[in-house]
Amino acid sequence: MRKKLILVAGVSGVGKSTLCSKYAKNNNSTSHVQASKFAELVDGEDQDQAGLAKKIREEFIKSRKEVFLLDGHLIIGGKKIPEEAINILSPDGIIIVTDNPEKIYFRKINDNSRKRSVSSPVEIAEEQNSVVEYAKKISTERNKPLQVIEEASSRSLSEALDFMTPH
């Protein structure tokens with residue numbers, strides 16, 4: 001099996017990192033990487049997304065794992081990640097994690113471990129819809145599989161990955 005880079009995206013606070021981390025801990029053939037960890041390696045005030053994508057792609061190429069879960073965002077601060085950066089990443093599939101906007105809202109206001117802006121549940125719902133629509137566009141244009149997970153669990157992530165990485 002050739003290794004796969006799977007982009008796992010969703011709004012801030014939806015639980016991407018927790019989900020990917022738990023999955024990778026229980027699956028030796030999988031690595032979990034947060035896109036934000038590469039941000040300090042890239043010059044530029046507004047984060048050079050193409051440069052960030054190149055660094056992440058290099059890390060994927062070096063990885064010895066079969067599945068590389070890239071935990072990140074497709075939309076940041078209302079701005080879509082440029083398609084140039086998506087092309088550089090060249091994901092083999094996209095998984096979008098969604099949840100009830102009220103749950104995300106309460107998760108964010110109760111999370112003191114990170115500094116995150118807290119949007120209203122209505123704004124969170126709108127952003128989730130935008131992320132799903134952008135993911136559909138990317139998936140369709142590149143003929144790559146897309147799975148949307150609602151109320152994510154390790155089982156739902158496993159099922160989505162099985163769809164994208166058949167053995």
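A nonpolar core is a set of buried Ala, Val, Leu, Ile, Met, Phe, Trp, Tyr and Cys residues joined through side-chain atoms within 4.5 Å, where buried means under 20% relative accessible area, exposed over 50% and partly exposed in between (1.4 Å probe, protein chains only). The structure described here is a predicted model, in which local features need pLDDT of at least 70 and side-chain atom pairs count only at pLDDT 80 or more, while totals for chains, interfaces and linings use all residues. Residues are numbered from 1 along each chain as its sequence is written, and side-chain values use heavy atoms, with hydrogens and water left out.

**Nonpolar core**

- The largest nonpolar core holds 43 residues, and the members that touch the most others are L69, L70, L74 and I95.
- Among the elements that each supply at least two residues of this core are strand 1 (4-9), strand 3 (67-72) and helix 5 (121-142), with helices (H or I, at least four residues) and strands (E, at least two) taken as DSSP runs numbered from the N terminus.
- Helix 5 gives the most to this core, namely six residues.

**Aromatic rings**

- Two aromatic pairs are found in a search of the whole structure, a pair being rings of Phe, Tyr and Trp (its six-membered ring) with centres within 6.5 Å, and planes under 30 degrees apart counting as stacked, over 60 as edge-to-face and the rest as tilted.
- The ring centres of F60 and F68 lie 5.4 Å apart with their planes at 70°, so this pair is edge-to-face, and both residues are buried.
- Y105 and F106 also form an edge-to-face pair, at 5.2 Å centre to centre and 75° between the planes.
- Y105 is partly exposed at 24% relative accessible area, and F106 is partly exposed at 43%.
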